Amino acid sequence: MITFNKIIGYESIKEELKSIANMLKDGNELSNQGITLIKGLMLYGEPGVGKTMMANALINECNRNTFICRKDESEYDLINKIKNTFKEASENIPSIVFLDDFDKFAKNEAKGVIYDAYSTVQACIDETKDKDIFVLATANTIRYFPMSLLRVGRFDKVIEIENPNFEDSINIIKYYLNKKKFKVNIDVEYMAKVMKGRSCAHIEYMVNDIALLASYDNSSVLTLDYFIKTFIRAYYQVLNTDNQQNYKSDEEYNDAKIRAYHEAGHVVVSEILNPNDVLLASIYKKGRSGGFTFYSNEGMLDAIKLIECEIIRTLGGKGAVELKFGILDVGSTKDISTSYSLINEMLGVHTKYGFSFYDNDRYSIKETKSENIIEMERFYQKAKEIIFNNFEFLEKIANALLEKKVITSFDIKEIKSNCKINYVSI
């Protein structure tokens with residue numbers, strides 16, 4: 001049976017749900033004290049964050065008669081099912097009506113959302129408002145719900161369930177790792193950083209896939225290498241992750257060399273501007289893309305500095321190839337586009353209400369593309385300056401990428417410790 005004790009993390013939300021469960025168990029006593037009981041609760045958030053699990057924990061804690069309604073019929077039959085569910089709940093009070101995946105009840109049409117099911121639920125709530133029925137719902141989004149349905153008296157509480165935070169992610173990873181009958185040799189904090197923003201379901205899938213890879217290799221140990229392979233396969237769709245694969249021709253090696261220096265440029269610029277920011281970098285091809293660098297985006301509290309850092313590091317790949325080979329980096333088209341968009345955002349978005357986001361004269365409203373291009377060139381020169389002053393670091397990162405095809409923050413830290421680093425500020 002699912003209980004609150006089986007939900008890892010989400011402490012503040014669990015406390016709120018326990019309070020509601022207590023209300024539902026002691027409703028008569030609270031009413032006698034003049035306390036108005038809430039009639040409904042909506043839990044919403046991305047798929048895989050544990051909304052249904054939390055709802056079931058609440059249901060099991062209350063020990064009330066529960067009537068579940070899900071959309072598994074036609075639109076016409078669903079309307080009747082909703083009405084019948086509330087009718088049964090009325091005849092078996094105290095009770096709970098659980099509307100699971102409630103946002104799927106309405107039919108999405110090209111011209112909008114048809115609200116028949118929502119209107120029916122709203123009418124049923126109003127018709128049974130004098131009976132001891134608690135309405136519980138889960139949804140991926142509340143965007144299309146009519147505001148009249150979400151108001152106090154219907155769904156009194158609307159709680160967003162977000163993806164787990166860093167500490168919760170660590171505990172969830174540990175939980176699923178402990179369920180596997182393998183030895184574990186992985187830095188769990190590193191896993192949590194890489195999987196930042198991922199849902200509980202994603203974490204469970206990743207840990208299981210790590211175990212599958214280890215089992216396929218007849219290994220009894222879950223290692224960092226298995227995690228990296230799983231992550232790259234899952235989120236970058238790279239299936240061939242054999243680090244020892246030899247280059248089949250000089251042309252293939254030269255192509256990989258350019259990719260290695262491109263990604264090394266990203267790594268070097270990011271590590272100079274925001275140390276320990278790079279979590280992993282790879283020259284594995286992702287479709288037409290020549291590689292990828294994955295950042296934590298932590299360490300900079302200043303939002304403006306973070307955007308500037310992102311612009312400069314994005315241009316670092318192009319700068320590294322130009323400085324090393326003296327050629328135009330044809331693989332940097334996406335980087336240039338990304339940088340230009342970030343410059344537009346930094347210089348333009350915050351001025352649309354007639355005032356500048358910045359309280360100094362460094363930036364002002366840019367009204368022409370040419371002025372934005374000037375800013376692009378300034379950032380690009382900064383990227384090349386950083387790379388030129390840390391060329392030993394660039395060479396060693398590129399060589400490591402050529403040899404291993406993927407490097408982690410642990411590799412970068414070791415390489416960095418053996419180089420003379422020239423830090424700069426933006």
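The legends below describe close-up views of a predicted model.

**View 1**
Four bridges join strand 10 (residues 278-282) to strand 11 in the antiparallel sense. Across this pairing, Val278 stands opposite Tyr295 in strand 11.

**View 1**

**View 2. Aromatic pairs.**
The whole structure holds 14 aromatic pairs. One of them is the edge-to-face pair of Tyr175 and Tyr176, with 5.0 Å centre to centre and 75° between the planes. Tyr175 counts as partly exposed because its relative accessibility is 38%, whereas Tyr176, at 16%, is buried. Tyr190 and Phe227 also form an edge-to-face pair, at 6.3 Å centre to centre and 85° between the planes. This pair links distant parts of the chain, 37 residues apart: Tyr190 is in helix 8 (residues 188-194) and Phe227 in helix 10 (residues 224-236). Both Tyr190 and Phe227 are buried.

**View 3. A cluster of aromatic rings linked by ring pairs.**
The members are Tyr190, Phe227, Phe231, Tyr235, Tyr236, Phe292, Phe294 and Phe410. Arg198 lies over the face of Tyr235, 3.8 Å from the ring centre.

**View 4. Arg378 over the face of Phe379.**
Arg378 lies at 4.6 Å from the ring centre of Phe379.

Notes
Residues numbered from 1 in each chain as written. Predicted model: local features only at pLDDT ≥ 70, side-chain atom pairs only at ≥ 80, totals over all residues. Heavy atoms only, no water. Pairing = 2+ DSSP bridges. Helix = DSSP H or I, 4+ residues; strand = E, 2+ residues; numbered from the N terminus. Phe/Tyr/Trp six-rings, centres within 6.5 Å; stacked < 30°, edge-to-face > 60°. Buried < 20%, exposed > 50% of the residue type's maximum accessible area, 1.4 Å probe, protein only. Lys NZ or Arg CZ within 6 Å of the ring centre and 35° of its normal.
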